[in-house]
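Here's a quick tour of one model, with the cut-offs spelled out as we go. Have the viewer open while you read.

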Amino acid sequence: MVRLNWKLLTAFEAVARHGTFSRAAQELNVLQPAVSRRVADLEQALGVRLMHRTRPGVTLTPEGEVLFHAIAGSLMQVQTAVEQIRLPAERNTLVVDSTIGFASCYLMQRLPAFRSAHPDIVIELVSRDLSDDYHQGGSDVIIVFDEPARLPGLHKSLIFGEELVPLCAPAYLPGPVPAERLCDHRLLHLVHGNHTRDWERYAASAGLRIAPPGSAERFTSFTVCLQAALNGDGIMLGWEHLLQDHLNAGRLIRACDQRLKTRRGYFACITGRAAENRHARAFVDWLAGEGQQAAMIR
């Protein structure tokens, strides 16, 4: 069994998440060459190349995608556990259950602002890969993607509604194309749960007929599908609010300007055990406010 250094893993995860060595170095508070050296040492220890160094950023290899997907959720839980251990026992802990996609693409970048505003509340983040694989009994707040009628919990607040829009890396397309030209491109399909027919719904709204996806265009994990799009492998259907940080950084662009607005969305749901928990309500109200603010400035 290969023994892996924690610093090497965290350096790789930061580079893979940010897409550049410079942003990863800023987050880790080290110089960029140190981050590059740690990733190189990890590749040497594993005996495989994990990413291609390109300008202005990096792209993950298939082996890199597998490793990033495996450690992303684990690192979030370890970070939360460490913070909980270091804080005094009398602090209030709030268990938040979220998908890995929502946590890594949206929540983690905004949590420092909540912690700064509410230093007395400790967020214990529990991550899952599938939207409906949550556990109400062990959580105070569950973040769910679904229609309002199918949501769990007692109190539900909309974070942001669903607007499906085709997205891709700028290396794949230089800019948006007309909707009727999408069929000429490689379309990446997320095929689990309530996302299985997303491309079919979008095509119907745009008056298109798309071919069934081949095995290489089918993904059962949002995180892996997103990474394929970031790598320039094709066009995915995404949610602009969820992936706004990638759009702002230029890692993703709109492949087509036509959107499909549905009744679905991301909701923060307070479970029965936290019905009278004022910290749960404060977190949900903050998260809903963040989503509304993002929608206003889009």
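## Ground rules

Buried means under 20% relative accessible area, exposed over 50%, and partly exposed in between, with a 1.4 Å probe and protein chains only. This is a predicted model, where local features need pLDDT of at least 70 and side-chain atom pairs count only at pLDDT 80 or more, while totals for chains, interfaces and linings use all residues. Residues are numbered from 1 along each chain as its sequence is written, and side-chain values use heavy atoms, with hydrogens and water left out.

## Aromatic rings

Rings of Phe, Tyr and Trp (its six-membered ring) pair if their centres lie within 6.5 Å; planes under 30 degrees apart count as stacked, over 60 as edge-to-face and the rest as tilted. Searching the whole structure turns up 13 aromatic pairs. Take F145 and Y266: their ring centres are 5.1 Å apart and the planes sit at 55°, so this pair is tilted. It links distant parts of the chain, F145 in strand β5 (residues 141-146) and Y266 in strand β11 (residues 260-270), 121 residues apart. Helices (H or I, at least four residues) and strands (E, at least two) are DSSP runs, numbered from the N terminus.

Y266 also pairs with W239, this time edge-to-face, at 6.5 Å centre to centre and 85° between the planes. W239 is in strand β9 (residues 235-239), 27 residues from Y266. Both W239 and Y266 are buried, and F145 is buried too. One aromatic cluster takes in F102, Y106, F145, F160, F222, W239 and Y266.

## Helix α1

Why call α1 largely enclosed by the rest of the structure? Because 10 of its 13 residues are buried, among them L8, F12 and V15.

At the N-terminal end, N5 caps α1, with a side-chain oxygen 2.7 Å from the backbone nitrogen of K7. After α1 comes G19, with a positive phi near 85°.

## An exposed loop residue

N29 has a positive phi of about 60° although it is not a glycine. You'll find N29 in the loop between α2 (21-28) and α3 (32-46), exposed with a relative accessible area of 70%.

Key. A polar contact is a pair of N or O atoms within 3.5 Å; within protein, one must be able to donate a hydrogen and the other to accept it, and residues adjacent in sequence count only if both atoms are side-chain atoms.
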